[in-house]
Every structure is written in C-alpha cells, then in structure tokens.
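Notebook open. I want to look up a few things here and jot down what I find.

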2 protein chains.
Amino acid sequence: MLSGKFAITIHILTLLNKFPNDYLSSEYIAGSMNLNPVLVRKEIANLKAHHIVESKEGKNGGTKLAVDSSKLTLKEIFEMTFETIGLGYAKNQPNPDCPVGKKINQNLDALYAEMNQKVSTQLEKISLEDFSNQF
Amino acid sequence: MLSGKFAITIHILTLLNKFPNDYLSSEYIAGSMNLNPVLVRKEIANLKAHHIVESKEGKNGGTKLAVDSSKLTLKEIFEMTFETIGLGYAKNQPNPDCPVGKKINQNLDALYAEMNQKVSTQLEKISLEDFSNQF
DNA sequence: CATACTGTAATAAAATATGTTACAAATGTA
DNA sequence: TACATTTGTAACATATTTTATTACAGTATG
C-alpha cells in the first residue's frame, strides 16, 4: 500500500544527514516539510525501532542519525516504511468457481514480486549519502 | 496513484482473451470478479477509448477483444490505467526556504522516474497472451 | 521548578476509492 | 411493434485510508 511514508522518512533522514552533529526537534523537521510534528514523530519512532536514528527526550532533545549515511541504502528505507510496489488487487474476493478468478491474485502476486525485486535492486544502489548529496 | 484499476483491467482482458469469440456482458465479467458491473463498464470505457476492446450495445451485447493478445503488453495496460510507480510525496508543499524542502519533490520525481522505467521495461516483456496462459 | 522536548493515544477531518441507483439509448427477437 | 436485455453515463452514497489535531504523561536541561 502506498502513502507518503517513504517520502516523509527520506526527507527526515536527509535533514538529519545535513546536520549530523545536532539533535533536531520534530517541530523543526516538521517546519521544513510543512507537516504535522506528530506525523514526524511517528516516522521517527519507526526509524528508532530500526536503530537508524537515536533521540533524546526533554529540553533540547531531538533526533540524530545513528548510522553511517554512506551505508544506509534507499532499499532499506523502502522496506522500513513497509512499502511495496504493486498495481493493486480487485478488492473483492474473486469468484473461486471461475478459473481466472481463482488464480488472479496469485498471478498478480507473482508479477508484483518481480517488480519489487527490480525496484529493490535499483534502490539498493543508492545510499542516503548519495541522495543527500543531490541537495 | 495506486488503485485496483490495473488489476481490474487485466482481469477483464484475461477473461475476454479466454472467450475470444464471444461478447461478454459486464454482468458476467463482474460475476467472475465479484465486483459491481458499473465499475467493470467504467474500465471497459477506458479500454474502448484505447481501441483495445469493442463492445456492442443492446440485447446480447457485450465486450470483446479487438487486438491480438500476443501483441498487447502489460506495459500498455499499465499506462492505460494511468498507473505510475512511486513511493509518494509529503502531501504538503514543503518549505521553500529550506534547501532540502526546496528540492525534495524534484529529487523524488527523478528517483520515481527511474523506477518506472525499470518496471516498464519488465512489463513490456509480458504480453496479455503470456499472462493469460498462466490460467 | 519552569521550560522544552519526546512518546503515544484518541479523535477528527479530509481525501480517495468503491459501490449503488437510476435511467436513456441501443439492439435483438417474439 | 412491444418487450427484454444490455451498454453508457451521471449522480449520489458508503467505506476505507491518509493526514491532522488535541491532549497529556514522562523526561531532561538549566
């Protein structure tokens, strides 16, 4: 399922990478993205669970990169944000008495799996540092 | 933007390919997918606009493939359903005073364009006939 | 001990996707 | 001709998902 999670997460990480010595507050990050700070904190919670960032509570607290940005790839970010590439499914359970209906989702799954593989292969070649250097 | 359009469309086309000599009704197709016939007709309208199918109104009417299924690729279906691969954008306009905010969408666009290219290259290798033969 | 943060839950609002109803127009057939 | 069946399409309704807001307990700093 698609959403802005990947985009938000990569934006956060790019900012953190630009200020590697500071703890940035969610308020500050949200300001750069024009987004609600709570949403930023939610994505940061996810990054923390994956040990990509560390954060400090309390006054002057905030978040900071905890890994080497040249070693973190966009593929990992993609996976951490639970994203997958796909072109959807007919939402309803297709008719199991129809030979097409019975196997359609299975065949779409296989197709989407191949697509994910291709995309992953490509995202794996790009590090956070690479991405960040474009700015 | 993602939705089930691609999945619905490919299901319709697979069915039409299985019965190349019949005009299938939207009611029948919808039955195989367990979906509302109006939604099927909407996707068919799109297929008609691209001259992939032809349909006949009135009694005993329905829809029928109008192209050679060995020549129609999944890439074309992908493009006809207006789908693109992407990992989203932070929905709000990012802050233009921030060097990251100012360029983030542009850089994401470039990344997604590459991803689309990879996926298209792969989908181009698969014809409707190939897909249909899996059933 | 006041202040400025994080963390998180609960709720609300907005956007998007899906489903339904309705009906005019077309076409085959009794 | 009259009837039944089907497409085409618009208008509306519902459901689902995303995004935003509010609220507040807990934690560190000075």
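Which residues does Ser132(B) touch, not counting residues up to four places away in sequence? I get Thr14(B), Asn17(B) and Lys18(B), with contact meaning heavy atoms within 4.5 Å.

Ground rules before I go on. I'm working with a predicted model, where local features need pLDDT of at least 70, side-chain atom pairs count only at pLDDT 80 or more, and totals for chains, interfaces and linings use all residues. Residues are numbered from 1 along each chain as its sequence is written, chains are lettered from A and ligands numbered from 1 in the order in which they are written, and side-chain values use heavy atoms, with hydrogens and water left out.

**Entry: Ser132(B).** I placed Ser132(B) in helix 6 of chain B, residues 128-133. For helices I take DSSP runs of H or I with at least four residues, numbered from the N terminus. Ser132(B) counts as buried because its relative accessibility is 1%. My scale is buried under 20% relative accessible area, exposed over 50% and partly exposed in between (1.4 Å probe, protein chains only).

**Entry: Thr14(A).** Next I went to chain A, where Thr14(A) sits in helix 1. Thr14(A) has a relative accessible area of 0%, so it is buried. I checked its side chain too: one of its polar atoms lies 2.7 Å from the backbone oxygen of Ile10(A). Leaving out residues up to four places away in sequence, I find Thr14(A) touching Leu128(A), Phe131(A), Ser132(A) and Phe135(A), plus Val100(B) from the other chain.

**Entry: the two copies.** I superposed chain A on chain B with a rotation of 180° and 0.0 Å of shift along the axis, at an RMSD of 0.1 Å.

**Entry: the interface.** How much area is buried between chain A and chain B? I read about 4,100 Å², with 70% of it from carbon and sulfur atoms. Buried area here is the accessible area (1.4 Å probe) that two parts lose on being put together, summed over both. On the chain A side, Leu87(A), Gln122(A) and Phe135(A) lose the most area to chain B, together 16% of what that side buries.

I count 49 residues from chain A and 49 residues from chain B in the contact.

In chain A, helix 1 (5-18), helix 2, helix 4 (74-80) and helix 5 (99-123) each supply at least two residues of the side that touches chain B. Helix 5 gives the largest share, 15 residues.

**Entry: Asn34 in both chains.** I noted a positive phi of about 60° at Asn34(A), although it is not a glycine. Asn34(A) lies in the loop between helix 2 (26-33) and helix 3 (37-49) of chain A. Asn34(A) counts as partly exposed because its relative accessibility is 41%. Over in chain B, Asn34(B) has a positive phi near 60°, and I find Asn34(B) in the loop between helix 2 and helix 3 of that chain.

Definitions and conventions. Least-squares fit on C-alpha atoms with pLDDT ≥ 70 in both. Polar contact = N/O pair within 3.5 Å; in protein donor to acceptor, adjacent residues only side chain to side chain.
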